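Reader: I would like to go through this structure with you. Could you take my questions one at a time?

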Number of protein chains: 2
Amino acid sequence: VSAPHTDPHVDAPHEGWTPLPPREALGLAPSFVSGDPQGQRLRVAYFVRDEDAHVVGRVWFGPLAEGPPGHAHGGSIAAVLDELMGSAAWLAGHRVVAVKLDVEFKKAIRLGTTATFAARVTSSEGRKIVVTSEMFLPDGALAATGHGTFLVIDMERLLKGELSKG
Amino acid sequence: VSAPHTDPHVDAPHEGWTPLPPREALGLAPSFVSGDPQGQRLRVAYFVRDEDAHVVGRVWFGPLAEGPPGHAHGGSIAAVLDELMGSAAWLAGHRVVAVKLDVEFKKAIRLGTTATFAARVTSSEGRKIVVTSEMFLPDGALAATGHGTFLVIDMERLLKGELSKG
């Protein structure tokens, strides 16, 4: 199985897309998904699409993102969609954590692929925020869909380690 | 936020648990989840529980598995449950890939925690295999649950990159 190492340029400029500030700019530590932007696992870049304010972007699945031979791990796809949907909720002004994540894998993604993605908040009732997302292959085929349910949390409590979502 | 680096001993022997052979022993490359066993992200060990043949084990969430400040990324939890459930399906004799993954996050998991987990195949009809899983905090509290739907695939086709799960 070949393990492509081509430079994915996930953060290349795109007409009508404005880069989201990185976690570090918000005082956060590197994340499980986007914390290794030069590594061989996942390289992710998030943008805001000007026309609808949805969070969109690109992810490159490197040779260390493997699940089935030669293909992206389902868990790596789920992890990207989780972070993407959380970002969409935060961008919409909700300080949330995920309580439920549902992912459907429609097409296998070969290692070395740079996929694109998009997410939008679909409902917001009290503390509960629901987000929907899609990931696409370079040819436009739908590779995966995600649905996330998030709860607005008290960040002070979270930072003190008092979080309970039960 | 402290980032504990204590040795988690995820692969320490456990009465009544038999280690699963690593992916490498099956001729597979390191995976997204379990491919960095000395790293600071995830350290995972899988066992078969002798009494019921369920796949069980331990996962340590290191400082680079962060999502919310000081806590494991929801995507890291989902990724571990995805691989765990796939392993349970394979151990039961099914060569599968995931088509659907549903995870509920019940309790936040602090970085530095060694959690335990268990999975079992709950149904098998034709090509469709359903697996259920749980992850527990050290005090026994339920941290997350997973449900996975898998499809039996033709490995020859997968290795040729012909996989389509749609």
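Reader: How many salt bridges does the structure hold over all chains?

Author: The structure holds 12 salt bridges over all chains, a salt bridge being a side-chain nitrogen of Lys or Arg within 4 Å of a carboxyl oxygen of Asp or Glu. This is a predicted model, in which local features need pLDDT of at least 70 and side-chain atom pairs count only at pLDDT 80 or more, while totals for chains, interfaces and linings use all residues. Residues are numbered from 1 along each chain as its sequence is written, chains are lettered from A and ligands numbered from 1 in the order in which they are written, and side-chain values use heavy atoms, with hydrogens and water left out.

Reader: Which residue forms a salt bridge with A:Asp102?

Author: The partner is A:Lys100, with the closest N and O atoms 3.0 Å apart. A:Asp102 is buried at a relative accessible area of 19%, where buried means under 20% relative accessible area, exposed over 50% and partly exposed in between (1.4 Å probe, protein chains only). A:Lys100 is partly exposed at 27%.

Reader: And B:Lys106, with which side chain does it meet in a salt bridge?

Author: B:Lys106 meets B:Glu104, at 3.0 Å from N to O. B:Lys106 is partly exposed, with a relative accessible area of 28%, and B:Glu104 is partly exposed at 29%.

Reader: How does β4(B) pair with strand β4 of chain A?

Author: The two strands pair in the antiparallel sense over 5 bridges; pairing requires that DSSP find at least two bridges between two strands. Within this pairing, B:Lys100 in β4(B) is the bridge partner of A:Glu104.

Reader: What area do the chains bury between them?

Author: Chain B and chain A bury about 3,500 Å², 61% of it on carbon and sulfur atoms. Buried area is the accessible area (1.4 Å probe) that two parts lose on being put together, summed over both. B:Phe32, B:His73 and B:Phe105 supply 19% of the area that chain B buries against chain A, more than any other three residues.

Reader: A change of topic: why is strand β2 of chain B largely enclosed?

Author: Strand β2 (residues 42-49) of chain B is largely enclosed by the rest of the structure because 7 of its 8 residues are buried. Strand β1 (residues 17-19) of chain B runs antiparallel to β2(B), joined by 3 bridges, with B:Pro19 opposite B:Phe47. Strand β3 (residues 55-61) of chain B is also antiparallel to β2(B), through 7 bridges, and B:Leu42 stands opposite B:Phe61 there.

Reader: Which residue takes a positive phi in the hairpin of β2(B) and β3(B)?

Author: B:Ala53 does, with phi near 60°, in a hairpin that has 5 residues between the strands.

Technical notes
Helix = DSSP H or I, 4+ residues; strand = E, 2+ residues; numbered from the N terminus.
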